[in-house]
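Please look through this note with the model open beside you.

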Amino acid sequence: MERAVLIEDFCKASGPILDVRSPAEFELGHIPGAISFPLFSDGERAEIGICFKEKGKEAAIQIGFDLVGPRLGEIARQASALAPKNVLRVHCWRGGMRSQSLAWLFRTLGMKVIVLEGGYKSYRRWVREVVSFPRRINILGGLTGTGKTRILKSLRELGDQVLDLEGLANNRGSSFGGLGMPPQPSTQQFENLIAEELVLMDTSKPLWIEAESLRIGSCTIPEELFRLMKSASFFEITRPIEVRLDILTEMYGQTDPIDLIKATKRIAQRLGGLRATAAIDLINKNEIRDACRLILDYYDRSYAEYSKNRLLSIPHLDVGKLSARNAALLLIEMTRNFGNELVQTA
């Protein structure tokens with residue numbers, strides 16, 4: 001039998017990745033791009049676990065054989081359909097019996113099978129290593145509506161390294177952040193997605209990340225990465241209020257008013273009862289721009305509280321009405337000059 005391979009070799013290998021853990025395990029978190037190929041259902045896995053605790057390993061294995069035996073033919077057909085080139089990568093939780101058993105079956109069918117040593121558990125250790133690796137980070141800050149996400153996209157198009165946390169979390173980081181976005185991943189899957197991006201980054205070059213709180217919607221930024229972000233260089237962009245309102249009106253103008261009202265109600269206490277009621281009335285009248293003007297009061301106060309805790313002096317850049325691309329070009333020039341100043345004062 002071929003030996004299992006370490007995570008680095010497993011990820012570099014070819015062939016679809018079959019995650020043979022139960023559906024609930026897969027849903028909690030999985031290697032991005034992996035295919036859920038459960039050997040046991042959630043209920044079956046629970047049944048085997050109870051048997052293992054009460055009657056021991058041999059009895060649990062026997063139940064496993066009883067459950068899987070009648071399905072072996074279908075399992076083989078499904079695997080063959082997923083691997084047209086007869087190459088598969090397989091893993092379970094710890095690289096134990098589930099992955100090894102299916103690897104034996106697939107090899108019997110003449111397939112080349114690569115098993116992950118240590119299973120998904122080893123992948124999660126790798127994720128922790130990647131997100132905690134020291135790297136140069138530039139934080140892009142600015143009030144709500146300054147177009148930070150668009151500028152980050154332009155920075156990436158211009159060749160800078162960017163980690164779009166809000167894009168990976170499917171949330172813009174506010175009560176309104178999930179409007180028009182796909183469902184959020186679990187925090188564990190969010191961490192996996194971050195690691196898959198970070199491992200491709202050149203650690204000798206700066207990495208742009210938008211200023212964020214620890215939580216982005218329901219997702220939590222890995223503690224190791226958040227610690228690096230708190231000590232990173234911080235650059236703040238500013239725009240006139242009317243330009244910010246243009247951006248926000250464009251962003252939320254086509255959103256279902258019911259969803260906008262629900263999001264407004266979620267921050268009603270912090271926004272203030274009268275202001276929240278007035279904003280909801282404006283949304284009902286489809287006067288989104290004026291509603292955004294009222295709601296910005298809360299977000300501007302929140303950002304002021306966030307930015308005053310920065311220990312380093314913050315370079316500011318007023319980008320006025322500039323496009324995201326032109327703002328990004330100015331920001332690149334600004335960071336280059338800022339880096340030169342740091343070298344001269346060192």
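The points below take the salt bridges one by one.

1. This is a predicted model. Keep that in mind throughout. The count of salt bridges comes to 17. Side chains of opposite charge can pair when their charged atoms come close.

2. Start with Glu74 and Arg77. Their side chains meet in a salt bridge, 3.3 Å from N to O. Both residues lie in helix α5 (residues 72-82). They are three residues apart, about one turn of the helix. Glu74 is partly exposed, at 39% relative accessibility. Arg77 is exposed, because its relative accessible area of 54% is over the 50% cut-off.

3. Now turn to Arg124 and Glu191. They form a salt bridge whose closest N and O atoms are 2.4 Å apart. This pair links distant parts of the chain, 67 residues apart. Arg124 sits in helix α7 (residues 119-132), and Glu191 sits in helix α10 (residues 187-198). Are these two side chains buried or exposed? Arg124 is buried, at 14% relative accessibility. Glu191 is buried too, at 10%. Both values count as buried because the cut-off is under 20%.

4. Arg124 and Glu191 also belong to a network of salt bridges. Arg128 and Glu224 are linked in that network as well.

5. Last, find Lys148 and Glu210. Their side chains meet in a salt bridge, 3.9 Å from N to O. Lys148 lies in helix α8 (residues 148-157), while Glu210 lies in strand β7 (residues 207-210), so the pair ties together parts 62 residues apart in sequence. Lys148 is buried, at 11% relative accessibility. Glu210 is buried as well, at 8%.

Technical notes. Residues are numbered from 1 along each chain as its sequence is written. This is a predicted model: local features need pLDDT of at least 70, side-chain atom pairs count only at pLDDT 80 or more; totals for chains, interfaces and linings use all residues. Side-chain values use heavy atoms; hydrogens and water are left out. A salt bridge is a side-chain nitrogen of Lys or Arg within 4 Å of a carboxyl oxygen of Asp or Glu. Helices (H or I, at least four residues) and strands (E, at least two) are DSSP runs, numbered from the N terminus. Buried means under 20% relative accessible area, exposed over 50%, partly exposed in between (1.4 Å probe, protein chains only).
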